[in-house]
Amino acid sequence: MMSSERQIMVISGTAHPEFAEKVSQELGIRLANVTHYNFADGEVGFRIEESVRGADVYVIQPTCKPVNDNLMELLIMVDALKRASAGRINLVMPYFGYARQDRQAKGREPISAKLVANMIEHAGTDRVVTADLHARQIQGFFDIPVDHLLGVPLLAGWFKEHLIGDQDTSQFVVVSPDAGGVVRARKLATLLRAEISIVDKRRRHDMANICEVMEIIGTDVADKTCIIIDDMIDTAGTIVNAAKALESLGAKEVYCSATHGLLSGPAIDRLSDDAVTKVVVTDTIPLPAERKLDKIVQVSMAPVFAEAIRRIHTDGSVSDLFE
């Protein structure tokens, strides 16, 4: 039970209603009654069908594909809540789109993540709750509180239960697909008490989503079970190239894991490669039936987000959820 004088309400956007339903069930409350619609020319419409005055409102909307539509809908929902005198508007974004555009990689490029942060804040959002930002410094793009949850502990729990069990953990190696993911890989390796290796790669900046695997640095992976961990799997080029490199070096099995399973474009075909034993992702992004494979497993982050909401609503600490 949640003890707060403020009423709590959860509103779902259209991006991932299944996730919002799971969160509301974890909290033991119903989703608020709202109506989503579109005008003939494609404009987004939204209407709140019950009073939200003074309420602590949590809007659940990942900005996944179609990114721009979901982002615009999110901003419209926040604006409607502000005009309806909601007490606190908390934006729950399991996946934060545009996070990869957090800096100028080349001259005359935008910093789109900062622009999105500005729009969210200006619309009237009081707090953002998200998971595994592509770059953690995006938290600093906001002048409002940002609670940054992690998927690694959840993924670690799955691997402990379904893969490692009572086996000798020295037979498992956690692999970062690039130097930028070392902190994440070290976190998972610590939780699993496994060794760690790093894929040294070079990415072609003239072509999006194209990279070249160079070599494996760290623990010898021969006859070991490897677990690659990343924040997201988009077109799966990076992670499958890493899996193939590990296989060529004698890895016994290669598991691919990430918090966000975007699985865009050729991802499903690539992940079907025999070099990949299984793919473990969370449900921060919906996985349509046509994008499912027998080797893809989804682990729900809804209980983690529900607990964060519960603590925020009761003014409790959420710090240990970041670990």
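These legends go with a handful of close-up views of a predicted model.

**View 1. The open five-stranded sheet.** Here 5 strands line up in the order β1-β4-β5-β6-β7, with parallel pairing, in an open sheet. The edges belong to β1 (8-12) and β7 (146-149); each has a single partner strand, so one side of each has no neighbour in the sheet. On average, neighbouring strands are turned by 20° against each other, direction ignored. Helix α2 (residues 67-83) packs on this sheet, where it touches β1, β4 (56-60) and β5 (88-93). The direction of α2 makes about 165° with that of β5.

**View 2. Where β6 meets β7.** Strand β6 (residues 127-131) runs parallel to β7, and 4 bridges join the two. Look for V128, which sits opposite V146 in β7. There's a side-chain link here as well: D147 and R127 form a salt bridge, with their closest N and O atoms 2.6 Å apart. D147 belongs to strand β7 and R127 to strand β6, 20 residues apart, and the pair links distant parts of the chain. D147 has a relative accessibility of 7%, so it counts as buried.

**View 3. β13 and its two partners.** Strand β13 (residues 278-282) is mostly covered, with 4 of its 5 residues buried. Strand β12 (residues 253-261) pairs with β13 in the parallel sense over 4 bridges, and K278 in β13 is the bridge partner of Y255. Strand β14 (residues 296-299) also runs parallel to β13, again joined by 4 bridges. In that pairing, V280 faces V297 of β14.

**View 4. F19 and its surroundings.** F19 sits in helix α1 (residues 17-27). What does F19 touch, leaving aside neighbours within four places in sequence? The contacts are I60, P94, D283, M301, A302 and F305. G97 is 78 residues from F19 along the chain, and the C-alpha atoms of the two are separated by 17 Å.

**View 5. D283 reaches K22.** The side chains of D283 and K22 meet in a salt bridge, 3.1 Å from N to O. D283 comes from the loop between β13 and β14 and K22 from helix α1, so the pair ties together parts 261 residues apart in sequence. Are the two partners buried or exposed? D283 counts as buried at 3% relative accessibility, while K22 is partly exposed, with a relative accessible area of 37%.

View 6. D79 and R83 join their side chains in a salt bridge, 2.7 Å from N to O. The two are 4 residues apart in helix α2, so about one helical turn separates them. D79 counts as partly exposed at 30% relative accessibility, and R83 as exposed at 67%. Another group to pick out is R6, D56, R88 and D315, linked in a network of salt bridges. The count for the model comes to 16 salt bridges.

**View 7. The two faces of α5.** Helix α5 covers residues 182-192, and V182, R184, A185, L188, A189 and L192 are buried there. Down the axis of α5, these buried residues fall within an arc of 160°, so they line one face of the helix. V183 and T190 are exposed, on the face turned away from the buried side. After α5 comes R193, with a positive phi near 55°.

Key: Residues are numbered from 1 along each chain as its sequence is written. This is a predicted model: local features need pLDDT of at least 70, side-chain atom pairs count only at pLDDT 80 or more; totals for chains, interfaces and linings use all residues. Side-chain values use heavy atoms; hydrogens and water are left out. Buried means under 20% relative accessible area, exposed over 50%, partly exposed in between (1.4 Å probe, protein chains only). The arc is that of the directions from the helix axis to the C-beta atoms. Contact means heavy atoms within 4.5 Å. Two strands pair if DSSP finds at least two bridges between them. Axes are lines fitted to C-alpha atoms, for helices over the stretch in contact, and angles run from 0 to 180 degrees between N-to-C directions. A salt bridge is a side-chain nitrogen of Lys or Arg within 4 Å of a carboxyl oxygen of Asp or Glu.
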